[in-house]
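Welcome, and take a moment to look over the sequence and the model before reading on. The paragraphs below walk through it one part at a time.

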Amino acid sequence: MTGAGISAESGIPTFRGAGGLWEGFRAEELASPEGFRKDPAKVWRWYRWRREVLAAAEPNGAHRALARLEATVASFTLATQNVDDLHERAGSRRVLHLHGEITRSRCLRDCGREVEEDPDLAVPMCGCGSPLRPAVVWFGEMLPEEKIALAFEEADRCDVCLVIGTSGVVFPAAGIPLLAAKAGALVIEVNPEETPISTACNCVLRGPAAGLLPKLLSEARICEEPVGGGGV
Ligand code: OAD
């Protein structure tokens with residue numbers, strides 16, 4: 001399972017901690033249904049800015065290591081709380097986006113139409129006359145049911161659970177490694193800081209993921225980073 005920390009070394013700000021998004025921005029104004037109702041243009045400005053940051057970013061060694069791991073082991077599931085597409089751009093195929101995807105938008109009324117988002121409109125509109133909204137999960141909203149159910153199913157039956165770059169304070173996602181630990185999996189945390197999940201882990205690797213994860217996979221003789229770094 002991954003959180004914002006895995007994309008930190010790609011230049012995407014995390015949410016909590018020094019320099020995190022929630023330090024400079026108010027979550028209830030920008031990432032809640034109430035905030036969107038009150039000022040949809042402001043919410044769209046913020047998400048468009050985050051999309052621009054993402055468009056300029058590249059996957060790092062940790063994203064690529066997970067893509068190699070998926071290609072190497074028999075069964076692998078990547079559950080991410082991240083709304084960015086860096087896992088996919090690194091080559092990961094089976095990614096469960098538990099908190100949605102920032103590059104997509106959907107109708108506020110969920111009318112189901114496929115629409116082109118008009119970048120010239122401060123608040124892009126759906127063909128049905130309703131505003132479009134970023135296709136992410138906001139505070140107070142349910143996670144995509146099938147994805148979270150599948151993530152818990154996999155946590156319950158996995159042999160190894162890697163928990164990378166998450167503060168472990170947002171549920172239900174934070175329950176995934178806790179369930180894996182309870183079900184007897186080897187749980188490994190990769191994070192420069194201690195988290196509420198740390199005590200449930202069998203092993204903690206303290207440091208940034210882009211350096212540690214490729215090293216872990218190489219030293220455990222699972223898969224090596226190709227010479228030159230890039231690619232899967
Ligand atoms: P947070 O910002 O809460 O936590 C980021 C974690 O990454 C912290 O524990 C950092 O110590 C760690 N970290 C920082 N740099 C790192 C690095 N280079 N390598 C590895 N770890 C590093 O982000 P999340 O846990 O993902 O929800 O936050 C969970 C949810 O809260 C987000 O999905 C978002 C937010 O509100 C929604 O938007 C619904």
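**A walk through the model**

The largest nonpolar core has 21 residues, and among these Tyr47, Ile102, Val136 and Trp138 touch the most other members. Keep in mind as you look that this is a predicted model. Two or more residues of this core come from each of helix H5 (40–55), strand S3 (100–107) and strand S4 (132–136). H5 gives the largest share, with six residues.

Setting aside neighbours within four places in sequence, Trp138 is in contact with Leu30, Ala31, Ser32, Pro33, Phe36, Val43, Tyr47 and Arg133. Val43 belongs to helix H5. Is Val43 buried or exposed? Its relative accessibility is 0%, so Val43 counts as buried. Apart from residues up to four places away in sequence, Val43 touches Glu29, Leu30, Gly35, Phe36 and Trp138. Val43 can also be compared in position with Pro134: the two are 91 residues apart along the chain, and their C-alpha atoms are separated by 9.0 Å.

Next, find the open sheet of three strands, which has the order S5-S6-S7 and parallel pairing. Strand S5 (160–164) and strand S7 (203–205) each have a single partner strand and stand at the edges, so one side of each has no neighbour in the sheet. From one strand to the next, the twist averages 15°.

How many bridges join S5 to S6? There are five, and the two strands run parallel, with S6 covering residues 186–190. Strand S6 is mostly covered, since four of its five residues are buried.

Helix H9 (residues 175–182) brings us back to Ala180. The buried residues of this helix are Gly175, Ile176, Pro177 and Ala180. They pack against strand S1 (78–80), helix H8 (145–157), S5 and S6. After H9 comes Gly184, whose phi is positive, near 95°.

The last stop is a pair of helices. Two packed helices are described by the angle between their axes and the distance between the axes. For helix H6 (residues 61–72) and helix H10 (residues 209–219), the angle is about 30° and the axes are 7 Å apart. This makes H6 roughly parallel to H10. On the H6 side, the contact is made by Gly61, Ala62, Ala65, Leu66, Arg68 and Leu69, while H10 brings Ala209, Ala210, Leu213, Pro214 and Leu217. Sorted by class, the residues in this contact of H6 with H10 are nine nonpolar, one polar and one charged.

Methods: Residues are numbered from 1 along each chain as its sequence is written. This is a predicted model: local features need pLDDT of at least 70, side-chain atom pairs count only at pLDDT 80 or more; totals for chains, interfaces and linings use all residues. Side-chain values use heavy atoms; hydrogens and water are left out. Two strands pair if DSSP finds at least two bridges between them. Axes are lines fitted to C-alpha atoms, for helices over the stretch in contact, and angles run from 0 to 180 degrees between N-to-C directions. Buried means under 20% relative accessible area, exposed over 50%, partly exposed in between (1.4 Å probe, protein chains only). Contact means heavy atoms within 4.5 Å. A nonpolar core is a set of buried Ala, Val, Leu, Ile, Met, Phe, Trp, Tyr and Cys residues joined through side-chain atoms within 4.5 Å. Angles under 35 degrees count as roughly parallel, over 145 as roughly antiparallel, 65 to 115 as roughly perpendicular and the rest as oblique. Ala, Val, Leu, Ile, Met, Phe, Trp, Tyr, Cys and Pro count as nonpolar, Asp, Glu, Lys and Arg as charged, and the others, Gly among them, as polar.
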